[in-house]
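Please keep the sequence and the model in view while reading.

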Amino acid sequence: MSKKRVLSGMQPSGRLHIGNLVGALQNWVKLQDEYECYYFIADWHALTSQYADTSQIKDNIRDVLINWLAAGLDPEKSVMFIQSWVPEHAELHLLLSMITPLGWLERVPSFKEKQEEVKDKDLNTYGFLGYPLLQSADILMYKANYVPVGIDQLPHLEITREIGRRFNYFYGNVFPEPEGLLTEFPKVPGVDGRKMSKTYDNCIYLSDPAEDVERKIKTMMTDPQRVKRTDRGDPELSPVFQLHKIFSDKGEQAEVADSCRSAKIGCLDCKKILLKNLFKILEPIWTRRKEFMNRADILEDIIQAGATRAKKVASETLIGASKATGLWINQQNK
Ligand code: TRP
C-alpha cells in the first residue's frame, strides 16, 4: 500500500521562532516517517503582501531552508522545494481561477482582516485576493491527503475543498479532498505574554545566539501579582510557566509550579530551569544551523533535487487537469 501524502508550506516572511518550531516544524519532522511529505517555501505567497519591498526575501528563503534542515527535516525522506521553482503552481492557479467565483475569495476571513490589520501596505490587489486560491493550487497539485496547518489556515483549507469539488463537478473527478491536520500545541507565548509573533517583536528566534535567548527569558514577565520574592505565585498567570509546559517534562513542571505557589523558588530560579530545558532542544539545532550556514552548495543541491521531484508530480497533475478541462495538450510537455 502506498503511503498517504502530506503537503504543507511556509512563507519566507522572516526568521523562524520557537513558536514555529513547536507549532509546525517538530510536527512536520514526525510526519516524514509515516507519510510521503512535500514541504515547500511559499515565496509567491510572500510576494502577495511584500511586493513593495522584496529586499529580504532571498535571505529569508535561505534561512527557512536552513532551519528546516536544522530542525530535522530530511531530504532523503521529505521533498523540500521552493514554490516558484515549480511554475506549475502558477498554471494550476490560473486554471482554477476560471471557475472561482469572486465572492468566495472576498468572503475568506483573512482577506478583509489582513487588509484592515495591515496599514502600511496596500493589499487591495489581484494577487492578494488570490492568496487562498494559490494555496488551493499548492494543495490540490499534490493530491494531498493531509495538510498540517495552524487553526488560522482552516478557512483556506475549506475553500480548497470547495474549489476541488467545483472543478470535479465541471470536468470530472480529478482532485481528492484534503484534510487538515491540526497540531495539538497551545499557542506559544512571546516574552511579553502575548502570542509569539514577529509583529509583536516578542520572539525567541532559532537564529538567536545563546546570550540573546538567556537575556530574553531573564527579562520575561512572570505572574504580575508576585511582586516580592517571598510572595506566593500563581504559575498559571505566568507566561514563563506556559513555556515550561512546552519545553519541560511533566515532573519538572509540577516541581516548578509547586515551588512557585509556595514561594520556595524565585522567578529567576524558575527561568534558569526553563533555560536549561530550552537549550537542550536548541543546542542541536544551533549546531546543525552552523553546519548548513557555510554550505551553500548542499543547500542548492537539496533544493534543486526537491524541485525536480515536486515537478514530476506537479506536471502530471497539470496535464490531467488540463485534459479534463478539454484543452489540446502539447504532447511535448509529457
Ligand atoms: N498560507 C500558509 C501560511 O501562511 C502558507 C501556505 C501557502 C500553505 N500554501 C500552502 C500552507 C499550502 C499549507 C498548504 O502559513
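The points below concern a predicted model and are grouped by topic. The ligand is surrounded by 14 residues, and helix 8 supplies the largest share of them.

**The shell around the ligand**

- The closest residues to the ligand are Phe40, Tyr131, Gln135, Asp138 and Gln153.
- Helix 8 contributes four residues to the shell, while strand 1, helix 8 and strand 4 (146-149) each supply at least two.

**Polar contacts and cover of the ligand**

- Tyr131 places a polar side-chain atom 2.7 Å from a nitrogen atom of the ligand.
- In the side chain of Gln153, an N or O atom is 3.0 Å from a ligand nitrogen atom.
- For Gln11, a polar side-chain atom lies 3.5 Å from an oxygen atom of the ligand.
- On its own the ligand has 370 Å² of accessible area, of which the protein covers 88%.

**Ser8 in strand 1**

- Ser8 belongs to strand 1 (residues 5-10), and it counts as buried because its relative accessibility is 3%, below the 20% cut-off.
- The side chain of Ser8 reaches the backbone oxygen of Pro148 at 2.8 Å.
- Beyond its neighbours up to four places away in sequence, Ser8 touches Trp28, Tyr38, Tyr39, Phe40, Pro148 and Val149.

**Helix 2**

- Six of the eight residues in helix 2 (residues 43-50) are buried, namely Asp43, His45, Ala46, Thr48, Ser49 and Gln50.
- These buried residues pack against several elements, among them strand 2 (36-41), helix 3 (57-71) and helix 8 (131-141).

Methods:
Residues are numbered from 1 along each chain as its sequence is written. This is a predicted model: local features need pLDDT of at least 70, side-chain atom pairs count only at pLDDT 80 or more; totals for chains, interfaces and linings use all residues. Side-chain values use heavy atoms; hydrogens and water are left out. Buried means under 20% relative accessible area, exposed over 50%, partly exposed in between (1.4 Å probe, protein chains only). Contact means heavy atoms within 4.5 Å. A polar contact is a pair of N or O atoms within 3.5 Å; within protein, one must be able to donate a hydrogen and the other to accept it, and residues adjacent in sequence count only if both atoms are side-chain atoms. A residue is near a molecule or strand if one of its heavy atoms lies within 4 Å of it. Accessible areas come from the Shrake-Rupley method with a 1.4 Å probe; for residues, only the protein chains shown count as cover.
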